[in-house]
Amino acid sequence: MASPATGVVVIVGSGLIGRSWAMLFASGGFRVRLCDVEQQQVTDALENIRKEMAVLELRGSLRGRLSAKEQGSLLSGCVDVRGAVEGAVHIQECVPEDLELKRKVFAQLDQIINDQVVLSSSSSCLLPSQLFAGLVHVAQCIVAHPVNPPYFVPLVELVPHPDTAPETVDRTHALMQKIGQSPVRVLKEIDGFALNRLQYAIISEAWRLVEEGVVSPSDLDLIMSDGLGMRYAFIGPLETMHLNAEGMVSYCDRYGEGVKRVLKTFGPVPEFSGATVEKVNQAMCLKVPADPEHLAARRQWRDECLQRLAQLKRQMQPQ
Ligand code: NAI
């Protein structure tokens, strides 16, 4: 067996995201303690993760250098977080997105952790200044926001509290790289962080285009999946500008005025209600009926696509 990395990682909350983190840290050779409030939830989570690892191994998509069995043996579960945090290098909180609940969990952790461990939240949109306010160990706190499904989409947004120590950010950045994730530093906190701000900008214009009858809902999605999304899997919008002219300065010279003209025609924030919801829902349900079976099957297909794309991206190293 390849030797596991020294270090224990504690995951608090063994739902969808907690399980993904557990798999990622185990893939990096870390010993993982998965905690939840109910023993049955932990037992189910561990069983589910080990099964998932075996399936991924069969498909050739298991991450890391250890076998599924070796990775599975790095996992343990518990309902007593006090015992679990002993000797941990990193704690990843993954309880539901509820500010009061998260603050309760952090207040409890704050009392039992040492001065070395990093205390990290998976929150998608709660601000670090709200999450970590008043904690003694605030310098060790950070948000590490993954993207679903984290096993195949490697981006992690690192968002510090104003009092987070730079060393906490650096250590978390290094740890994420070590487990094969792709961390970015959000240099100061902002509502929605960076990824969701971009996502909401797209959702917003997508909604307006459909609402105003410019394109149908299914064609709108095709514009992303067969258009912008194709290149965005490899290069971002800024590099796209750079490559679509003779460099960035040339792009701004040639296209800047046109971009500004179009941007000025963008409408207000949509209401996401009324007739447009019905129209969009009808189109989506034609493609994927909104019952648990069809939704689960489509998610499974999406994850398989992302898994293949992740393999392709590994092969296509930048020149
Ligand atoms: P989930 O509802 O699937 O899992 C939450 C887990 O936390 C459950 O197993 C629950 O029993 C456990 N829990 C509740 N209170 C607890 C406590 N006091 N101590 C220990 N465990 C406790 O939620 P999910 O989707 O995994 O989300 C977790 C976090 O990750 C949220 O902050 C969410 O915003 C964030 N996130 C979610 C993404 C998603 O697509 N689901 C994507 C990125 C981030």
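1. Start with the largest cavity: Ser61, Arg63, Tyr151, Phe152, Gln307, Ala310 and Arg314 line it. A cavity here is a set of points, on a 1 Å grid over the protein atoms alone, where a 1.4 Å probe fits but cannot get out, and lining residues have an atom within 4 Å of a point. The largest cavity holds about 40 Å³ of space, and a search of the whole structure turns up one cavity of 30 Å³ or more. Volume means the space filled by probe spheres set on the points, with grid points joined across faces, edges and corners.

2. A word on what you're looking at: this is a predicted model, where local features need pLDDT of at least 70, side-chain atom pairs count only at pLDDT 80 or more, and totals for chains, interfaces and linings use all residues. Residues are numbered from 1 along each chain as its sequence is written, and side-chain values use heavy atoms, with hydrogens and water left out.

3. Next, the second largest pocket (a pocket is an open set with protein on both sides within 12 Å along at least five of seven lines). It has about 490 Å³ of space. Its lining has 21 residues, with Leu16, Glu52, Pro149, Phe152 and Asp303 nearest the centre. H1, helix H2 (39–59) and helix H13 (292–315) each give two or more residues to that lining, and H13 has the largest share, seven residues. Helices are DSSP runs of H or I, at least four residues, and strands are runs of E, at least two, numbered from the N terminus.

4. Now the ligand. There are 22 residues around it, and Ile17, Asp36, Glu97, Lys102 and Ser124 come nearest; "around" means a heavy atom within 4 Å. Helix H1 (16–27), helix H5 (99–112) and strand E6 (141–146) each supply at least two residues of this shell, with the largest share, three residues, from H5.

5. One is 2.5 Å from a side-chain N or O atom of Glu97. For Lys102, the distance from a ligand oxygen to a side-chain N or O atom is 2.6 Å, and for Gln41 it is 2.9 Å. Taken alone, the ligand exposes 850 Å², and the protein buries 74% of that (Shrake-Rupley method, 1.4 Å probe).

6. Last, the overall layout: the protein chain is divided into domain 1 (8–185) and domain 2 (195–287), with bounds from an automatic or database domain assignment. Their centres, taken over C-alpha atoms, are 33 Å apart.

Key:
Polar contact = N/O pair within 3.5 Å; in protein donor to acceptor, adjacent residues only side chain to side chain.
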